[in-house]
Amino acid sequence: MSGRTKARAHRLFLMEIAMSSLLGTHAIVIGAGIGGLATAKLLSSYFAKVTVLERDALPDRAEPRVGTPHCRQAHVLLKAGLQELLNLYPELERELELAGAVRARTAVDILIETPGIDPWPQRDFGFDTLCMTRPLLEFVVRSMTTKEANIDLQPQCRVTKLRLSADQRVTGLTYEQAGAAREITAELIVDASSRGNMTLETLDACGIPRPDEMDIGVDIAYGTGLFRLSENASRSWRGVIHRPAAASGRGGFVFPCENESWQVTLNGMHGDGPPEDLPGFIAFAKTFRTSTIYGALNEATPLGVIHRFAFPSSRRRRFEALTAFPHGLLPIGDVICRFNPAFGQGMTVAAQEIGVLRRLLDEQVGATAPLEGLASAFFKAIQNVLAAPWSLAESDFMYEKTRGARPADFAQRMQFSGALMRVAAQDARVHRLLTEVNHLMASPTLLRDPEIVRKVSAQMAAST
């Protein structure tokens with residue numbers, strides 16, 4: 001056999017392997033945020049073609065876009081989220097740093113101030129955080145996603161309706177682009193649009209009840225500005241997280257980002273929030289328990305205006321409780337569960353959901369009907385992903401005005417949590433585990449280790 005014949009046979013062999021792993025010919029993703037892009041990248045390994053429809057015009061560089069008004073606020077990609085994205089984009093960490101993301105050592109460079117522990121001890125737990133603006137992260141992920149030959153990203157497309165067959169299976173959708181109505185078919189449509197209107201309207205059209213919703217009404221108001229901080233030799237941190245006390249609800253963040261600038265975000269709860277004028281913004285920071293953020297702001301040079309954003313509530317839709325769901329449709333990310341941005345969990349949870357989806361799709365390779373029952377299996381499988389971040393979101397019930405149904409054991413949980421943090425401040429091993437749990441790297445159940453519980457119980461007894 002000649003060398004050319006061998007090469008052709010090898011190419012055909014590789015094509016056969018690739019085709020054997022396909023679950024369908026076409027998938028559509030609605031929304032080109034981080035969750036939508038990463039989902040498209042995943043699906044490109046299982047479908048011959050993936051189309052991403054985005055309502056916004058997409059910039060050709062890292063800058064805010066109209067459809068994500070919250071993108072000017074500080075965002076955090078937790079360690080677990082980065083790990084999941086690296087499974088899809090092995091070069092992501094390198095590309096982000098080349099684009100200007102700033103590396104900071106977790107629990108060493110990032111100073112955390114919590115009521116009763118101002119600040120936490122700085123301890124090296126061996127992993128880093130990448131600090132950057134949301135537009136930079138999205139631009140880099142978008143650039144890497146569109147390098148896939150079978151992914152077609154279409155901006156300025158407004159999806160108007162999902163199409164249903166006679167037996168109520170989702171077979172495609174209609175959308176508007178450049179003033180023209182268009183139709184497109186697919187075997188799978190993923191709703192990563194954040195609000196999830198298409199999913200809810202499709203349930204209505206099928207006569208399926210909408211899922212029950214759990215709301216935690218935090219009514220949080222943010223203000224964020226870019227600054228150039230002064231070169232202060234006495235500063236021992238590269239970032240600050242100031243957690244609010246229940247009595248005030250005021251907190252803030254300072255993170256380094258690209259172009260040698262810093263994002264400063266301040267927030268308040270239930271009708272309180274930072275002003276948009278610079279003097280008022282700085283004065284708001286002066287009311288914090290500590291002077292860390294105020295001191296940094298007072299010596300900083302503003303690089304633009306203050307941008308405000310309001311977030312009404314964390315919301316969890318109980319799709320897993322539905323007894324029926326349309327075949328060919330799969331909501332993901334914020335459509336299922338959205339979180340108070342102060343906890344920085346949203347992008348990481350979406351990435352973890354995509355990790356769950358990968359495992360489910362892998363199991364279906366070679367199946368006769370690989371997409372049958374996918375949504376129901378997905379809803380059930382992600383409950384372990386949602387449990388920990390939702391439990392943290394429920395801590396917003398510590399504010400008297402928070403709307404929603406407080407868990408029956410909320411007072412006991414908060415008492416345990418407060419004592420646990422005091423133990424962690426003293427015990428490096430517990431501090432490390434708590435940090436890993438907060439980065440969604442470890443299960444909160446590990447914090448119920450008998451030895452840890454014994455120390456927490458002793459701390460609770462000592463404080464009564």
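The model is predicted: local features need pLDDT of at least 70, side-chain atom pairs count only at pLDDT 80 or more, and totals for chains, interfaces and linings use all residues. Residues are numbered from 1 along each chain as its sequence is written, and side-chain values use heavy atoms, with hydrogens and water left out.

**The nonpolar cores**

Begin by selecting Leu173 and Phe378. In the largest nonpolar core, which has 101 residues, these two touch the most other members. Helix H9 (residues 346-364) gives the largest share of this core, 8 residues. A nonpolar core here is a set of buried Ala, Val, Leu, Ile, Met, Phe, Trp, Tyr and Cys residues joined through side-chain atoms within 4.5 Å. Buried stands for under 20% relative accessible area, exposed for over 50%, and partly exposed for values in between (1.4 Å probe, protein chains only). Helices (H or I, at least four residues) and strands (E, at least two) are DSSP runs, numbered from the N terminus.

Next, show the surroundings of Phe378. Leaving aside neighbours within four places in sequence, Phe378 is in contact (heavy atoms within 4.5 Å) with Leu330, Pro331, Ile332, Ile336, Glu353, Val356, Leu357 and Leu360. A second, separate core of 20 residues can then be picked out through Phe227, Leu229, Phe281 and Ile306, which are among its members.

**Helices H3 and H9**

Two packed helices are described by the angle between their axes and the distance between the axes. The axes of H3 and H9 come within 8 Å and cross at roughly 45 degrees. That angle makes H3 oblique to H9. Axes are lines fitted to C-alpha atoms, for helices over the stretch in contact, and angles run from 0 to 180 degrees between N-to-C directions. Angles under 35 degrees count as roughly parallel, over 145 as roughly antiparallel, 65 to 115 as roughly perpendicular and the rest as oblique. The crossing of H3 and H9 is left-handed, a term for the near helix being turned anticlockwise from the far one by less than a right angle, with clockwise being right-handed.

For the side of H3 in this pairing, select Ala80, Gly81, Glu84, Leu85, Asn87 and Leu88; they meet Thr348, Ala351, Gln352, Ile354, Gly355 and Arg358 in H9.

**Lys41, reached from Leu88**

From Leu88, move to Lys41. The backbone oxygen of Leu88 lies 3.1 Å from a polar atom of the Lys41 side chain. Lys41 belongs to helix H2 (residues 34-43) and counts as buried at 14% relative accessibility. Apart from neighbours within four places in sequence, Lys41 is in contact with Leu88, Tyr89, Thr145, Glu148 and Ile151.

**Helix H6**

Now select helix H6 (residues 197-206), where Met198, Thr199, Leu200, Thr202, Leu203 and Cys206 are buried. Just after H6, Gly207 takes a positive phi of about 75 degrees.

**Thr174 in strand E8**

Stay with strand E8 and select Thr174, which lies in it. Thr174 is buried, with a relative accessible area of 18%. The Thr174 side chain makes a polar contact with the side chain of Thr160 (2.7 Å). A polar contact is a pair of N or O atoms within 3.5 Å; within protein, one must be able to donate a hydrogen and the other to accept it, and residues adjacent in sequence count only if both atoms are side-chain atoms. Not counting residues up to four places away in sequence, Thr174 touches Arg158, Val159, Thr160, Lys161, Arg163, Arg182 and Glu183.

**Loops**

- Thr68, between strand E2 (47-53) and H3, is buried at 8% relative accessible area; its contacts beyond four places in sequence are Asp56 and Arg134.
- Ala107, between strand E3 (102-105) and E4, has a positive phi near 70 degrees and is buried, with a relative accessible area of 8%.
- Pro119, between strand E4 (110-113) and strand E5 (128-131), is joined to Asp118 by a cis peptide bond with omega about 0 degrees.
- Asn259, between strand E13 (251-257) and strand E14 (261-269), has a positive phi near 65 degrees and counts as exposed at 66% relative accessibility.
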